[in-house]
Amino acid sequence: MYHAVGSTLPHDFYGISIDPIQFEDHINQLASMTDMLSVVSLQRINNPTAELHIAVTFDDGYKDNLYVAAPILLKHKIPFTVFVTTGFIRNKDPFCLNVDELKELSRLEGVTIGSHGITHKHLTTCTDEELWQELYGSRRYLEDIIGKPVTTISYPNSIVDKRVRDAVEKAGYTIGCRGGAGVNKQGDDHLLLKRSEVIATDTVDKFTCKLYGLRDWNWYKWKQKII
């Protein structure tokens with residue numbers, strides 16, 4: 001889970017905007033490891049296989065996802081998903097994608113557009129009516145812009161409970177993402193997928209550890225040789 005790449009964000013309190021050179025180092029490392037893992041689109045993350053699958057995602061919908069991150073990922077033919085907060089578009093947030101940029105991004109090969117709600121508020125605090133608007137309203141807004149189905153969602157601030165999860169399913173989503181490092185195993189709920197967040201202080205070494213669950217991220221239980 002990434003956010004911004006190269007933008008100087010006024011609300012970046014813990015390093016969600018990563019340096020472009022550092023990001024490219026991460027992606028170069030990821031691309032060099034395809035003999036040990038498979039980089040796939042989010043829709044394929046739970047395919048039945050013994051192989052470790054990795055999916056690249058971005059939250060919020062920053063402009064730099066199009067102008068900085070996309071060229072690096074396209075060079076390596078790495079698919080990725082961008083979860084867009086639709087209120088940022090409507091309010092013309094200067095750091096976030098506008099309508100034309102979102103259309104352009106959605107047309108790129110291997111790119112999936114998902115929802116990140118409307119207001120980025122904690123969905124668990126919403127009334128039922130507000131929750132439906134955040135989920136279904138954001139989905140329809142995005143679909144009207146890009147002309148494609150939107151069936152993936154990322155929970156703002158990774159906060160979700162059973163009521164929100166069930167509403168997400170009712171709103172027509174098939175994949176839901178939160179935070180929390182770990183392996184998404186076969187049989188896990190597709191609407192509660194875990195993701196490891198990558199931030200500005202993550203060196204290539206730390207990034208690799210997050211990929212494999214090494215050291216402080218020791219979630220990795222798979223049997224394979226680690227180099």
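Reader: How many helices and strands are there in the protein?
Author: The model is a predicted one. Its secondary structure contains both kinds of element, and the count for the protein is seven helices and nine strands.

Reader: What radius of gyration does the protein have, and what would a compact globule have?
Author: The C-alpha atoms fill a box of roughly 50 × 35 × 30 Å along the principal axes. For 227 residues, a compact globule would have a radius of gyration near 17 Å, and the protein agrees with this, as its own value is 17 Å.

Reader: What percentage of the residues in the protein is buried?
Author: A residue counts as buried when its relative accessible area is under 20%. Of the 227 residues in the protein, the share that is buried is 52%.

Reader: Among contacts between residues at least 6 apart in sequence, what percentage joins residues at least 24 apart?
Author: A contact requires heavy atoms within 4.5 Å. Among the contacts in the protein between residues at least 6 apart in sequence, the share that joins residues at least 24 apart is 62%.

Reader: How far apart do the centres of the positive and negative side chains lie?
Author: The protein has 26 positive side chains and 29 negative ones.

Reader: Which kind of aromatic pair do F23 and F58 form: stacked, tilted or edge-to-face?
Author: The structure holds five aromatic pairs. In the pair of F23 and F58, the ring centres are 6.0 Å apart and the planes are at 55°. Planes under 30 degrees apart would count as stacked and those over 60 as edge-to-face, so the pair of F23 and F58 is tilted.

Reader: Which elements does the pair of F23 and F58 link?
Author: The two residues are 35 residues apart, and their pair links distant parts of the chain. Both F23 and F58 are buried. F23 belongs to helix 1 (residues 20–31), and F58 belongs to strand 5 (residues 56–60).

Reader: Which residues form one aromatic cluster with F23 and F58?
Author: F23 and F58 form an aromatic pair. The cluster that contains them also includes Y2 and F80.

Reader: Which residues does L73 touch, leaving out those up to four places away in sequence?
Author: L73 lies in helix 2 (residues 64–75), and its relative accessibility of 0% makes it buried. Not counting residues up to four places away, L73 touches F23, I27, F58, I78 and F80.

Reader: With which residues is I18 in contact, leaving aside neighbours within four places in sequence?
Author: I18 lies in strand 2 (residues 17–18) and is buried, with a relative accessible area of 1%. The C-alpha atoms of I18 and H3 are 8.1 Å apart in space, and the two residues are 15 residues apart in sequence. Beyond its neighbours within four places, I18 is in contact with Y2, A4, V5, G6, F23, H26, V198, I199 and A200.

Reader: Is D60 buried or exposed?
Author: D60 is found in strand 5. Its phi is near 95°, a positive value in a residue other than glycine. The relative accessible area of D60 is 5%, and because the limit is under 20%, D60 is buried.

Reader: Which residues does G61 touch, not counting those up to four places away in sequence?
Author: G61 is found in the loop between strand 5 and helix 2, and its relative accessible area of 2% makes it buried. G61 and I89 are 28 residues apart in sequence and 8.8 Å apart in space, C-alpha to C-alpha. With residues up to four places away left out, G61 touches V82, F83, V84, C96 and L97.

Reader: Where is N157 found, and what is its relative accessible area?
Author: N157 is found in the loop between strand 8 (152–154) and helix 6 (162–170). Its phi is near 60°, a positive value in a residue other than glycine. N157 is partly exposed, with a relative accessible area of 44%.

Note on methods. Residues are numbered from 1 along each chain as its sequence is written. This is a predicted model: local features need pLDDT of at least 70, side-chain atom pairs count only at pLDDT 80 or more; totals for chains, interfaces and linings use all residues. Side-chain values use heavy atoms; hydrogens and water are left out. Helices (H or I, at least four residues) and strands (E, at least two) are DSSP runs, numbered from the N terminus. The radius of gyration is taken over C-alpha atoms; the globule rule is 2.2 Å times the number of residues to the power 0.38. Buried means under 20% relative accessible area, exposed over 50%, partly exposed in between (1.4 Å probe, protein chains only). Lys and Arg count as positive and Asp and Glu as negative; His and the chain ends are not counted. The place of a charge is taken as NZ of Lys, CZ of Arg, CG of Asp or CD of Glu. Rings of Phe, Tyr and Trp (its six-membered ring) pair if their centres lie within 6.5 Å; planes under 30 degrees apart count as stacked, over 60 as edge-to-face and the rest as tilted.
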